Amino acid sequence: MIWGDPEKAATMEQGSDLATILFQISSPAHIPFLDQRWQEFLHGYGVWAHMDDSNPLIEQACRSMTKHADMSSNLAALSLHTTRMLRDLARDIRVSKKGQPHNKPYGSEEQELVDNFSKRISRVAKARATAGALNIFRLLCHPLIVEASKDPNSSGNRLKEVFLYHTRGDLPTNQPAGLSLIHSLLDFIAVLGMKTNTTTSSTTNTDPNADILLSSPELYDAGIFSFQLLLVLCGTQLYQPFHSSFENNPQNHYFLEEIFRQSDNDDEQIDNNYLPMFLSSSTRSIGSNSTRSLGNGSNSRSKRQHEQKRKHKFKSSKQRMWTPELILETLLEWQLHRPPAPKRSIAHYYYILAQAAVDTKGGEKPGQDGLYESYMIVQASSQSNSQSPRGTDTSPEQNSIRDGKHESGDGRTTTKRNSLIVDTTKGIITLSGSIIFLPFRLMNLVFGVFATSNKQGSKDIDRAAMMKKFANMQSSRTNSRTRDILWLSDSLLADLGCSLLLLLISNNRKGKNRNEFRVLLKDLTDNRWDLENGELALPDLPNLESFQLETVGIDDKKRQSNQQQMSSTSSIGKRSLTLNFESLFISFGRTLHTEPGALLLYTILQSSPSFAESLAVRSDLDNLVMPLLRTLYFASRSNTFMAKDYANKRSSGMSTLDIRSCPFRTQSQLYVIMILLLLFSQDLSFGRDVFRRVVVVTVPWYMERRLKSINLGSVIILTMLRSLLFTLNRLRDVFLLNNCCAVLENLSPSMTDLHEYAAMRLVSVTIMVMKKHAKLVSRAGSSPKNDTNNQEEAGVEDEDNFSSPLVMHSEVIHTLLGMIKHGLSVKNIEGNVHLIYALIYHQVDLINLFKTKQNGKNIYPTKQTERIQSIVLKTSEMIHEEGARSAQKVLILLEHQMGELKAMVVAADHELTNKSPSKRKHNKNRNNSHYDDGDDDIATFSYEEEADPEVFFVPYVWDLIVSVVTASTMEWKKDDIQVFSLLDEVEVEEDGPQIPDFDDTLAAEYTSNAEDMV
């Protein structure tokens, strides 16, 4: 069972005590800060922790609070109470993690155990009360954040006024409450990430304080609610049109700007000096009774002493404890170790509930690699050796329900298939014990994912129909306007931390306040060689006192300058952020198949030069590349997205693309994956390693062919060819196509030892694209772009329009022919026997396409095809003379005749060089012994960020937060989202005459060719 009272939260009626206080707080009437009703309200934490905005009472209270918050100051008062509770809990955690000293009096072990138990009980009670306060505060302030964001010019002033507590004589002065809350949230997150002090006595080894976060489900949930509230407070950026920090139009985000302002100026006060007095005075009404429900009472004298002690601490403590270093260390550390949700926590319950619904559905099962193939069900981590939470709680009865099996009276097992809703609900009721335990947001998403086919996309089911069948609640919903997925997270705390990390690093790159988070990430260093005491694990230098520096000509001034530089460098190093790069590399291997994981890797690569350099020297990059290729592979499914889905309305001059029909969540996901592959491939050593050193034992997710003992380069080519065809014929995205071609061209100079299936696939795809290109050229009535002699007849409109099918096919053909050409070079041809065989196998189509002409000119220039034709003709002649017909005999023949083939390549390239005046001039002064294989056009394509990268990355981060990480745990006001596009039709402008690319004839031809290739 989970902690709290979810049953009461689901059945709370308007006449109950908590509902009455809730409506009093949301009414125009002012409730003083020290009023007893706040204590009664916050003691309902067991109910508030399980409340969501699907409850009609919450919806009504939120509307009332949004309308009257300025007048009543009750939301500001609740913010002050939440701030006090956060700081009180953070202080207890900080003290617990510091541990106890060694010098304790004799006979104190038993007393220590009693004290530790008492402290744990107190901390659990405070964590429960804080979690409830955080959740109800988030629900009440979320609509107000949305309302304030509707006027970007005045949103900051509106929020400042709402979060200002106006005293009615109960306190000396008005008190700002918003900024203190944002800093208390960050303080709490930083404290959760503090490492436990290990210099304690032996008796403390059994103390749960050694791992407070994992041993306390209430504390874990309080951390989850802290992240959720923090994201909501920063949500003014979500509900406003986005303006980059590179623009002259300044942003007006009250809470988000405060984080960057404080990170750049640590000495500035966040509130006035009355805040400590307010928070200490509030302990008299609430803090002293925070553990009342657990029976942990105390006498009045101890209460007064405790209040005086707390008051003294508040006056002497800092306004804020968090620093950008602490926040980054905490969030990055959680990415390495991913603290799982403890049993009995709400986060753990959500996880096993979602997993049970997926398992009960039956039709969606994990693949051989343990991950789901559907993009709509994503596991946050692919770590297979860790025990999932559901593995410890699943009983045989739950397994039988999930499998749809029921045992009859005679012991026989029968399988019964009912409707989707009934089967899924049975499994969930078994886990929860009662239907009212169901989190509505999660189940709404689960049914939306399962009840709708991929063709129609993910839509939330009608809420009224489900609640009529399973509960006595009346509500309604429209179709979801975001591309939500079912996020199966074993560590929601780490995923929310990743979201916050991406949000902080992606924002404010060129604002008036320096982004200290990005600066620290830039100086990130590897601490693998550091000991626990902070010293380097290296031997000391020998004694060099007898060595005279004057003998090497260094004067005193220069020596002093060097010492100053060394000391300054040392001081900078002490302040730099450190992380174990090996652990970070391993963690990315578990999460890189997800969107947050891929985006985080890109962010760190672009921000931290040292981490990028550490990846460049690794020879095991298959741990990072394979998850990216897997996602790219399943994102290129042709059976879920058809060309006719482009609702071509040529009369209007526009074409629309419905993202719901695509086999991926969003195109931004593909952009990030392709950029990462481009970043890897732009390193020259990467191409050599993937073809010569890295061998993949098996590729379980590749369906067309069973691949075993294949080099990583061949896997990359197979996946990129699949993505290339999908982008060219179905998606028609210029950015994806160009980057895909860039990756292939970066790898082509190193292409050797090509797998037999990859070689056959490369040639067949080349022929397929050439056939389509030849038809487009014929219909356009012009020669291709690279035929400079007929540019006037080539169709200038198509040349200027990079998204036209003719230009896109020309670019792909140039890339594919270049790959084959490089594979047949002198240095690579010996390892590409299978490529030669594939060319011979398709020689008829190749030769005919090479001879294709338009207006008397060859479509494909001799420079691209000369080497290929020479190899094909010469090898075909050899095979005919030897009479070799079987594949085995042909391969043996090619290996024996490799020397002759190399000589033929040299002769063909030399002849081509002599025909080119520019080549002859370029090679005139070359040594005769130096061989030029005709590959002087080799160029490495590198990635560079746009001048304003925030325009893409900040909206994408918010899309991940709303549609991925929090999709099943939080409800956002999706109709009011402004920072990224909602699920509306995406209009694609078509300039110039439209070539009939996707008519029935060409579609049938493409389908036939695709079937032949498979």
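# Briefing: helix packing and selected loop residues

Asn508 sits in the loop that runs between α22 (492-506) and α23 (516-522). The model described here is predicted. Its chain holds 43 helices and 14 strands. Of the 1014 residues in the chain, 55% count as buried.

**Chain as a whole**

- The chain exposes about 45100 Å², and 49% of that area is supplied by carbon and sulfur atoms.
- Among contacts in the chain with a separation of 6 or more, 80% are between residues 24 or more positions apart.

**Asn508**

- The phi of Asn508 is near 55°, which is a positive value in a residue other than glycine.
- Most residues other than glycine have a negative phi.
- Asn508 has a relative accessibility of 13%, and because the cut-off for buried is under 20%, Asn508 counts as buried.
- Leaving aside residues up to four places away in sequence, Asn508 touches Ser245, Phe260, Asn513, Arg514, Asn515 and Glu950.
- Asn508 and Gln251 are 257 residues apart along the chain, while their C-alpha atoms are separated by 9.6 Å.

**Arg344**

- Arg344 is placed in the loop between α15 (324-337) and α16 (346-361).
- Its phi is near 75°, again a positive value in a residue other than glycine.
- The relative accessible area of Arg344 is 38%, so this residue is partly exposed, a class that lies between the limits of 20% and 50%.

**Ser96**

- Ser96 belongs to helix α6, which covers residues 74-98.
- With a relative accessibility of 12%, Ser96 counts as buried.
- The C-alpha atoms of Ser96 and Asn116 are separated by 8.8 Å, and the two residues are 20 residues apart along the chain.

**α15 with α22**

- The axes of α15 and α22 come within 9 Å and cross at roughly 135°.
- On the α15 side, the contact is made by Ile327, Leu328, Leu331, Leu332, Trp334 and Gln335.
- On the α22 side, Leu493, Ala494, Gly497, Cys498, Leu500, Leu501 and Leu504 take part.
- The residues of the contact of α15 with α22 comprise 11 nonpolar, 2 polar and no charged.

**α26 with α29**

- Helix α26 (residues 595-607) packs against helix α29 (residues 667-681) at an angle of about 40°, and their axes are 10 Å apart.
- The two helices are therefore oblique to each other, since roughly parallel would need an angle under 35 degrees.
- α26 passes α29 in a crossing that is left-handed.
- From α26, the contact draws on Glu595, Ala598, Leu599, Leu601, Tyr602, Leu605 and Gln606.
- From α29, the contact draws on Gln669, Val672, Ile675, Leu676, Leu679 and Phe680.
- By residue class, the contact of α26 with α29 has 10 nonpolar, 2 polar and 1 charged.

**α37 with α38**

- Helix α37 (residues 843-850) and helix α38 (residues 862-882) have axes 11 Å apart and pack at an angle of about 140°.
- α37 and α38 make a left-handed crossing.
- Gln843, Ile847 and Phe850 make the contact from α37.
- Their partners from α38 are Thr865, Ile868, Gln869, Val872, Leu873 and Ser876.
- The residues of the contact of α37 with α38 divide into 5 nonpolar and 4 polar, with no charged.

Technical notes: Residues numbered from 1 in each chain as written. Predicted model: local features only at pLDDT ≥ 70, side-chain atom pairs only at ≥ 80, totals over all residues. Heavy atoms only, no water. Helix = DSSP H or I, 4+ residues; strand = E, 2+ residues; numbered from the N terminus. Buried < 20%, exposed > 50% of the residue type's maximum accessible area, 1.4 Å probe, protein only. Contact = heavy atoms within 4.5 Å. Areas by Shrake-Rupley, 256 points an atom, 1.4 Å probe, with all protein chains shown as cover. Axes fitted to C-alpha atoms, helices over the stretch in contact; angles between N-to-C directions. Left-handed = near helix turned anticlockwise from the far one by under 90°. Nonpolar A, V, L, I, M, F, W, Y, C, P; charged D, E, K, R; others polar. Parallel < 35°, antiparallel > 145°, perpendicular 65-115°, else oblique.
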